[in-house]
Amino acid sequence: MDASTHRGSISRSYGGVGRNLADGLSRLGKRPPLFVSVVGDDESGRDLIRHNPLMDSRGIFRLASASTASYTVILDNKGDCQFGIGDLKIHSQLTVDKVRQYEEDIAKCRLLIMDGNIELTTMEYILDLCRSTRVPVWYEPTDTKKAAKPFTIVGCRSAIAYTSPNLSELKKIVETIQPGLSCKNDLNLNQTIEEIQDPLTKLCIPLLDTAQCIMITLGKLGMMIVRRGAKADRLPVAPWQHQPNDEITATYYSAPTVDHIVSVSGAGDCLAAGFITGIINGWEQDKCAAFGLQAAACSLRHSPAVPAALSNLQLC
């Protein structure tokens, strides 16, 4: 950080949490999801819309007065993220009025996916609509600073059936739901899974008062699924209503071995896209997890967050 220039390589690809999930699902599933978002009426926005013809992009608004969101991530020589810089002002333009134009599509969908980038008022509208129409929501927290946003909305978080936080995001969410609750700040990813599995499961209990399933991403360790009901139970799609279940199950899935990691950026989104594809197909949890981990491994081997190779992925 001394203003010097460092040798490296620079590549440009398409990203954004919501966009990555829409891209991944359109490559993995039989039917592409409707992607509702905003871009600038600029070269980046036009490129983003046309780069994957499989995507259902009719819900993307092009705004002449704004620039398409961009994010620069600095990776080390192992492909790990060091820090990022984002120009994300356009996210505030995804207003209630724009989303309302797709109210009928939302009300009849089987699962709605919402990321943490949008404004709180838009989140509240989406969650209220999904709650009244019994559409389950998959919430992707996006970032530790944004993770808890929808959980501050009184009465609306009951629409969130699924969420996919990392460890830091999970702590933030639980602290918001139950202020003052100790969130086991000593938990970290340098510990073994045997050391953290039981405390992590207990940490999820306040969130499972209304949610159905929590996917905790654990980096190189893999992931944990903590949920209401038995592992063999089908994961719900619409019409959905939270059903209290005294049984809480926690299952650990180790990360697949990847010999050469090119970039970690996008792996978590591909993991979620693979798991969601399984939910939509009615697969059991183990099969959903296996497909998600394969999708994450595919992303790790490529520079783009969502590589074109994802289209050829088949469940092993």
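This is a predicted model: local features need pLDDT of at least 70, side-chain atom pairs count only at pLDDT 80 or more; totals for chains, interfaces and linings use all residues.

User: Fine. Which way does α1 pass α8, left-handed or right-handed?

Analyst: The crossing of α1 past α8 is right-handed. The contact uses Val17, Asn20, Leu21, Gly24, Leu25 and Leu28 from α1. From α8 come Asp269, Ala272, Ala273, Gly274, Ile276 and Thr277.

User: What classes of residue make up the contact of α1 with α8?

Analyst: Seven are nonpolar, four are polar and one is charged.

User: And at what angle do the axes of α1 and α8 cross?

Analyst: Roughly 45°, with the axes coming within 9 Å. Helix α1 spans residues 17-28 and helix α8 spans residues 267-281.

User: Now α6 and α7. What is the handedness of that crossing?

Analyst: Left-handed. The axes of α6 (residues 167-177) and α7 (residues 193-204) cross at roughly 40° and come within 10 Å.

User: Which residues of α6 and α7 make the contact?

Analyst: Leu167, Leu170, Lys171 and Val174 on the α6 side, and Leu200, Leu203 and Cys204 on the α7 side. By class, six are nonpolar, none is polar and one is charged.

User: While we're in α6, where does Thr176 stand, buried, partly exposed or exposed?

Analyst: Thr176, which is in helix α6, has a relative accessible area of 27%. Buried means under 20% and exposed means over 50%, so Thr176 is partly exposed.

User: What is Thr176 in contact with, leaving aside neighbours within four places in sequence?

Analyst: Ala148, Phe151 and Thr152.

User: How do strands of a sheet pair, in general?

Analyst: Through backbone hydrogen bonds, in either a parallel or an antiparallel sense.

User: How many bridges join β6 to β7?

Analyst: Three, and β6 and β7 run parallel. Trp138 stands opposite Tyr162 in β7.

User: And how many join β7 to β8?

Analyst: Two. Strands β7 (residues 160-163) and β8 (residues 213-217) also run parallel. Thr163 has Ile214 in β8 as its bridge partner.

User: What about β3 and β4, parallel or antiparallel?

Analyst: Antiparallel, over six bridges. Strand β3 covers residues 70-75 and strand β4 covers residues 81-87. Tyr71 stands opposite Gly86 in β4. The two strands form a hairpin with five residues between them.

User: Which residue in that turn has a positive phi?

Analyst: Gly79, at about 85°.

User: Which residues other than glycine have a positive phi?

Analyst: Arg134 is one of them, at about 60°. Thr142 is another, with phi near 80°.

User: Where do Arg134 and Thr142 lie?

Analyst: Arg134 is in the loop between α5 (120-133) and β6 (137-140). Thr142 is in the loop between β6 and β7. Arg134 has a relative accessibility of 39%, so Arg134 counts as partly exposed. At 21%, Thr142 is partly exposed too.

User: Where is the cis peptide bond?

Analyst: From Ala238 to Pro239, with omega near -5°. Pro239 lies in the loop between β9 (222-228) and β10.

User: Last one. Which residues of α2 are buried?

Analyst: Gly45, Asp47, Leu48 and Ile49, in a helix spanning residues 43-50. The buried residues of α2 pack against α1, β1 (34-40) and β2 (56-63).

Notes. Residues are numbered from 1 along each chain as its sequence is written. Side-chain values use heavy atoms; hydrogens and water are left out. Axes are lines fitted to C-alpha atoms, for helices over the stretch in contact, and angles run from 0 to 180 degrees between N-to-C directions. Helices (H or I, at least four residues) and strands (E, at least two) are DSSP runs, numbered from the N terminus. A crossing is left-handed if the near helix is turned anticlockwise from the far one by less than a right angle, and right-handed if clockwise. Contact means heavy atoms within 4.5 Å. Ala, Val, Leu, Ile, Met, Phe, Trp, Tyr, Cys and Pro count as nonpolar, Asp, Glu, Lys and Arg as charged, and the others, Gly among them, as polar. Two strands pair if DSSP finds at least two bridges between them. Buried means under 20% relative accessible area, exposed over 50%, partly exposed in between (1.4 Å probe, protein chains only).
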